[in-house]
Amino acid sequence: MANYSTNEFKGGLKVMLDGDPCTIVDNEFVKPGKGQAFNRVKLRNLNTGRVWERTFKSGESLEGADVMELEMEYLYNDGEMWYFMKTDGSFEQYAVEKKALGDTEKWLKEQVPYTVTLWNDNAINVSPPNFIELEVVETDPGLKGDTAQGGSKPATLSSGAVVRVPLFINQGEVLKIDTRSGEYVSRA
Amino acid sequence: MMSDWRPSASLETLRARARLLGEVRAFFARRGVLEVETPVLGHGGSTDVHLASLQVAANTPGSLEPLWLQTSPEFHMKRLLAAGSGPIFQLARSFRDGEVGRRHNIEFTMLEWYRPGFNLDQLIEETTTLVRQLLPAPPARVLRHRYRDLFGEYLAIDPFLATQEELGQLASRHADADMSVESRDTCLDLLMSLAIEPHLGREELSVVVDYPASQAALARRHRDAQGEWVASRFELYLDGVELANGYDELTDADEQRARFAEDNRERRALGLPEVAVDNRLLAALEHGMPEGAGVALGMDRLVQLALDKQSVGEVMAFATPVA
């Protein structure tokens, strides 16, 4: 892989740091009046998800990370591994460990495309689409005619996620959910 | 169709900027300081180890010559002083390669002025007066801080007496990276940038004085109250942003020549390109430049703070990325 100097750092660049692949979140150039310049860099460790801030002397470089983000459909899980398939027509499948799945586990639905991050051809992260449509499998009975703003109640969705929904929502309805905030958006 | 043809500043901002530039000119006109214009292209460059100059190849009569884009108008203005210009100021385009960020743009406007006969105190007074006049809500007080006291206050360390190892450890902690092999000055620069600067210029205009002698650049040196050699230099801070850098100017040609040579030695050691020394500046100093003080002020940053903008790009017609 190529090396990237601090002046090539920008949001989204994938680099290796302390043996882990990272994505650059933010890069700020700092320089005291007459002195050495530095880059204050925020990086997200793609293995752990942890974001941390590091300071580099301007001109230092980091090795690029062999990281790819691919769209893959979720297929099924066997309790140990979760299986995804490329959507490029190759039908190539990847087995993903629970660790790499993280929070995304509660947003899984078959045949929905997810963004899978591959590092050296291993899946290390799975991100859900921003919006997903899921069925309510359990909630208190809906209150007829109550479409006013205000009250909410918990609802369990087919993926296992629990979200706050308006009081008028019934079991069996399909809802549009924002996976970034975990909030109800509308009926689908 | 490409949409990045648009200016990076709003037209309203550009009108406000023009008004502030007008106020700068009026300020110096009232004080009898002459406005000058000097070339941005010169045969000599800045040897400063921490500044990257841009170079161009220009067809001059008879040859293709490498010329330097100035990192500040300092050298040409000093040659005017040596020629007897008296007090002068300039709003000068300056260029520093690689400097891009919220506070930096490769091409920027430097307000620089020189006051023959002034000492550093008089220049600090004039600089803070100008800055306060340009701000819509200037801080009520101007406070001076010694470089050494700031390190004591925010980091509980003495920048002059701390061992290399102590500075390296402290810098590593603040950088979250190993800085133990870096030089004293690099560690001090890092601590100043990350741990001290953000606190400066809050509810006040902060003036920092008595920098380490190793960071004198083109300033004289003197001994402070503790007998330590320090640079006769000040920096001005507002809202955590460095705005200006002033010197009691070095007028000794031999000392200046030695510092240029030392810079280039350090450049070689660091694998940086050497920069052609400005021999015409040295000749001017040998002829005799009047004693006095001079200061460079980042005009774009001042406009940015006066107009409460997030980045310098928002107060420039076209910041480098869309230039």
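Student: Before we start, what are the ground rules here?
Tutor: It's a predicted model, where local features need pLDDT of at least 70, side-chain atom pairs count only at pLDDT 80 or more, and totals for chains, interfaces and linings use all residues. Residues are numbered from 1 along each chain as its sequence is written, chains are lettered from A and ligands numbered from 1 in the order written, and side-chain values use heavy atoms, with hydrogens and water left out.

Student: OK, how many residues of chain A are in contact with chain B?
Tutor: 15 residues of chain A touch 26 residues of chain B, where contact means heavy atoms within 4.5 Å.

Student: And how much area do the two chains bury between them?
Tutor: About 1900 Å², with 52% of it on carbon and sulfur atoms. Buried area here is the accessible area (1.4 Å probe) that two parts lose on being put together, summed over both. On the chain A side, F29(A), K31(A) and K34(A) lose the most, together 36% of what that side buries.

Student: How many salt bridges cross that interface?
Tutor: Four. The rule is a side-chain nitrogen of Lys or Arg within 4 Å of a carboxyl oxygen of Asp or Glu. K57(A) and E182(B) form a salt bridge at 2.8 Å, N to O.

Student: Which element of chain A gives the most to the side that touches chain B?
Tutor: That's β5(A), with five residues. Strands are DSSP runs of E, at least two residues, and helices are runs of H or I, at least four, numbered from the N terminus. By type, that side of chain A divides into four nonpolar, four polar and seven charged residues. Nonpolar covers Ala, Val, Leu, Ile, Met, Phe, Trp, Tyr, Cys and Pro, charged covers Asp, Glu, Lys and Arg, and the others, Gly among them, are polar.

Student: Back to K57(A): buried or exposed?
Tutor: K57(A) counts as buried because its relative accessibility is 18%; buried means under 20% relative accessible area, exposed over 50%, and partly exposed in between (1.4 Å probe, protein chains only). E182(B) is buried as well, at 14%.

Student: Switching topic, where does N39(A) sit?
Tutor: N39(A) is in strand β4 of chain A, and it counts as buried at 4% relative accessibility.

Student: Which side chains does N39(A) make polar contacts with?
Tutor: One is N27(A), at 3.0 Å, and S58(A) is joined to N39(A) at 2.7 Å. A polar contact is a pair of N or O atoms within 3.5 Å; within protein, one must be able to donate a hydrogen and the other to accept it, and residues adjacent in sequence count only if both atoms are side-chain atoms.

Student: How many salt bridges are there over all chains?
Tutor: A search of the whole structure finds 36. Among them, R265(B) and E262(B) meet at 3.0 Å, N to O. Both of those residues lie in helix α7 of chain B, three residues apart, about one turn of the helix. R265(B) is partly exposed at 44%, and E262(B) is partly exposed at 38%.

Student: Last one: what order do the strands of the open sheet in chain B run in?
Tutor: The order is β2-β4-β3, with antiparallel pairing; two strands pair if DSSP finds at least two bridges between them. The edge strands are β2 (41–42) and β3 (54–60), each pairing on one side only. β2(B) and β4(B) pair over two bridges, and L41(B) has L69(B) as its bridge partner in β4(B).
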